Amino acid sequence: MSATTAAAAPHPKPAKVLACVHCQYRKIKCDRQQPCSNCIKAKIACKPSTPAPPHKRRRPNQDLLERLARCEKLLKQYADGNVPAPGEPAPVPAAPASSASASQHALSAPATTTEPETGASPKPTGKVVEEDGNVRFMDNYIRISFHDELAAMRDIIDDDDVESESSPVGLSPDNNADLLLGVEDAAIDLQELQPDLVNVFGLWQLFLDRVNPLTKTIHAPSLQPYVMDAAADINKVPLPYQALLFSMYSMAVISLTPQETYQLLGITRDEALSRYNRGTKLALTRSNFLKNYNMTILQALVLYMLSLNGRVDHHSTWIMGGTVLRIAQKMGYHRDGELFNLSPFEAEMRRRLWWHVITQDSRYAMLSGLSHSWVASNWDTKMPQNLNDADLFPNSMDPLVPRDGPTEMAFVLLMYKYQRFISKTHTAFEGAFFALRDGGKRDSQQRSPIDEYRVLVDGIDEELAEFERTSVDLTAGGVHEAAMMVRPLFIGKMKNFMVPMREQPEWGTEIFDQVDSLFKNFVLSHSRNATIYKRMVNSGFLWFVQSSFQIDALLLFTAKLYQRPTGKLTDGAWITLESIHELHPELFDMSTRKHERQAQSTLKAWAMREQALAQCGTQVPVPDFIQRLRQLLSSSRAASSYTNTSSSPASVSQMFMQQTTPFQKSSMDSIDLNQFLLGNGNATNLNLDMWGNVVMENDADPQQQALPYGGFDFSKLDFSNMGFS
């Protein structure tokens with residue numbers, strides 16, 4: 001009997017084995033051994049996770065049931081079609097006296113409508129709310145109606161179940177940041193990536209001197225205390241500020257030359273950027289930036305994106321920039337802070353961040369080969385005011401009074417005024433572009449699109465000039481000297497571009513089509529701007545110019561030089577090309593495929609020029625940059641087949657020409673540039689900037705490249721007949 005009873009007794013239920021902490025964090029399959037195979041491979045201690053304590057069953061809460069009933073009533077109201085018209089306040093039921101206080105309060109929900117600066121139709125203001133310490137914007141009527149009720153219900157549930165606030169140890173982290181930045185091992189200590197004490201202050205000062213005046217996305221007095229704390233131990237500051245500080249370090253290194261970087265930090269520029277970019281990504285990932293975003297997170301993302309300019313694929317930056325833009329919109333930065341009764345400080349900082357984000361997004365779209373129609377237009381955030389950082393106090397509620405004279409905002413305000421002009425007039429520019437493509441023919445009965453756009457250009461020229469007279473002081477140097485180059489750069493470029501080819505002095509002699517006219521504009525732009533760029537070197541702002549360099553435009557430029565080896569425009573073009581190499585020393589780096597291809601294109605064009613001039617009985621001295629390119633290519637794999645270190649300049653030219661006789665058609669001779677520049681139907685793919693600031697870019701997959709020139713992929717040009725490998 002006892003044996004039967006023992007046999008019938010149930011076996012004890014085996015304890016459930018949970019995945020270890022490391023596997024749960026990395027979201028990978030754990031074999032549930034001790035230690036598991038993944039921890040053995042990673043050479044880390046395998047720590048078993050602990051299950052969350054069981055939830056207690058609780059009795060229904062009367063207040064919770066009442067609020068749920070009101071939510072159902074609101075849903076029925078919307079289902080019946082009783083939705084408020086745009087501009088009317090959404091229905092929000094009154095909370096009962098017995099309800100718990102809402103845990104997250106709306107900052108404001110005014111029902112007024114505004115007229116956006118960009119010309120969008122009037123729309124309701126929406127609502128900015130705080131949830132779990134994060135600021136979010138919503139303008140969906142249904143979500144606004146239910147927000148307070150749902151927030152109160154969450155409070156009731158949390159208050160009734162205090163035990164639910166169990167330790168998160170052992171639970172898989174709710175981390176969405178790895179979707180974009182990737183997740184590294186949690187064991188990495190950010191202090192290992194932190195600069196030493198002296199370099200922290202050195203990089204901070206560099207950022208204030210070289211980067212902040214051209215960006216103005218942070219409030220320096222507010223960030224200074226965190227810099228002081230991080231100098232001792234960066235783990236003492238909150239994660240969002242860790243991300244911001246590492247992005248600041250990255251931008252400080254961007255402003256340095258390779259020689260300056262090694263002298264200051266004792267490591268190469270690439271090593272420093274890799275180190276501080278890694279710190280930025282780790283801090284952003286750990287802060288879960290796709291979910292827990294605030295102004296500090298947005299500032300870190302903005303500077304991180306700026307540090308990628310010219311170093312990664314254009315399409316990748318546009319996609320990542322879109323994420324930053326969406327976060328800014330989710331926080332309501334596309335609506336002016338005054339609509340939400342925010343403090344003057346917060347409203348002003350939101351303006352500075354939004355205008356920077358929207359300006360960069362416009363640039364990313366252009367570099368990715370997209371028209372201006374892809375840039376966000378549904379916003380009404382006012383332009384930042386003409387104020388110094390010292391005029392802003394985080395805790396003050398006194399209205400801000402903009403200054404009438406020069407401030408540290410001079411450069412960015414000029415840039416934003418130009419950006420606003422581009423946003424408002426891109427349709428007029430498209431009409432003028434098509435008129436130029438048709439040869440600039442005029443109708444005597446009405447003003448041509450070209451003349452209409454010229455009037456608009458004169459208007460922005462006058463506006464910028466007036467701002468210069470009142471708010472820019474050349475004697476102050478620094479950012480004010482940089483501000484004085486904005487107007488001549490953009491206005492001169494637009495005015496030159498708007499001259500029809502038949503009105504050019506060289507028409508019929510050196511200009512025969514619109515491509516020739518664009519070629520002249522490129523030469524004029526860079527010749528005029530070379531002196532201005534060199535002035536940027538003295539103020540430490542050359543990095544800003546270099547980040548706008550488009551090496552693919554330079555390839556098109558040298559292709560045109562190959563086709564026209566002689567002439568006055570060509571003479572000026574070679575002087576321009578020499579200045580480009582002086583301003584962009586990275587063009588001498590033959591370890592990058594694009595730079596090597598560009599060097600081959602330049603030398604091939606020069607060889608054609610030497611032979612054409614020799615046939616005319618003319619000899620020209622070989623420029624220093626050509627000799628340097630020859631020496632560099634002589635030791636590269638791509639050039640080993642046709643040059644050597646002992647070759648003279650003349651013999652090098654002959655070796656170049658051996659593969660293509662003077663009058664033999666090569667791939668460059670057969671290129672129809674009209675199909676790249678003038679044959680596409682989308683004129684907004686052509687941006688005036690492309691002919692002025694011809695930028696460092698890594699070796700992205702050439703099959704994924706798209707450019708502003710009608711979306712044509714220059715990597716697909718066939719240079720094989722020119723002896724390029």
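A nonpolar core is a set of buried Ala, Val, Leu, Ile, Met, Phe, Trp, Tyr and Cys residues joined through side-chain atoms within 4.5 Å. In this model, which is predicted, the largest such core has 115 residues, and those with the most contacts inside it are Phe 207, Tyr 249 and Phe 411. Helix H14, which covers residues 410-437, gives the most to this core, with 15 residues. A second, separate core of 29 residues includes Phe 549, Ile 580, Leu 587 and Ala 605. Returning to Tyr 249, and setting aside residues up to four places away in sequence, we find that Tyr 249 touches Gln 194, Pro 195, Val 200, Leu 203, Ala 230 and Tyr 276.

Leaving aside its neighbours within four places in sequence, Phe 544 is in contact with Leu 214, Phe 411 and Met 415. The C-alpha atoms of Phe 544 and Arg 210 are separated by 9.2 Å, although these residues are 334 residues apart along the chain.

Consider next helix H11, which runs through residues 295-308 and reaches 20 Å from its first C-alpha to its last, close to the 20 Å expected at 1.5 Å a residue. Because 14 of the 14 residues of H11 are buried, this helix is largely enclosed by the rest of the structure. Asn 294 caps the N-terminal end of H11, with a side-chain oxygen 3.1 Å from the backbone nitrogen of Thr 296, while just after H11 Gly 310 takes a positive phi of about 80°.

His 480 is found in helix H16 (residues 479-483), and at 8% relative accessibility His 480 counts as buried. The side chain of His 480 reaches the backbone oxygen of Thr 407 at 3.4 Å, and among the residues that His 480 touches beyond four places in sequence are Pro 406, Ala 410 and Val 472.

Cys 20 is buried, with a relative accessible area of 2%, and Cys 36 is buried, with a relative accessible area of 0%.

Charged side chains come last. Side chains of opposite charge can pair when their charged atoms come close, and the structure holds 26 salt bridges. In one of them, Asp 389 pairs with Arg 352, the closest N and O atoms being 2.8 Å apart. Asp 389 lies in the loop between helix H13 (344-367) and H14, whereas Arg 352 lies in helix H13, so the pair ties together parts that are 37 residues apart in sequence. Asp 389 is buried at 5% relative accessible area, and Arg 352 is buried at 1%.

The side chains of Asp 516 and Arg 564 also meet in a salt bridge, at 3.3 Å from N to O. Asp 516 lies in helix H18 and Arg 564 in the loop between helix H20 (551-563) and helix H21 (568-583), so this pair ties together parts that are 48 residues apart in sequence. Both Asp 516 and Arg 564 are buried. Finally, salt bridges that share partners join Asp 336, Glu 338, Glu 348, Arg 351 and Lys 382 into one network.

How values were computed
Residues numbered from 1 in each chain as written. Predicted model: local features only at pLDDT ≥ 70, side-chain atom pairs only at ≥ 80, totals over all residues. Heavy atoms only, no water. Buried < 20%, exposed > 50% of the residue type's maximum accessible area, 1.4 Å probe, protein only. Helix = DSSP H or I, 4+ residues; strand = E, 2+ residues; numbered from the N terminus. Expected span 1.5 Å × (residues − 1). Polar contact = N/O pair within 3.5 Å; in protein donor to acceptor, adjacent residues only side chain to side chain. Contact = heavy atoms within 4.5 Å. Salt bridge = Lys/Arg side-chain N within 4 Å of Asp/Glu carboxyl O.
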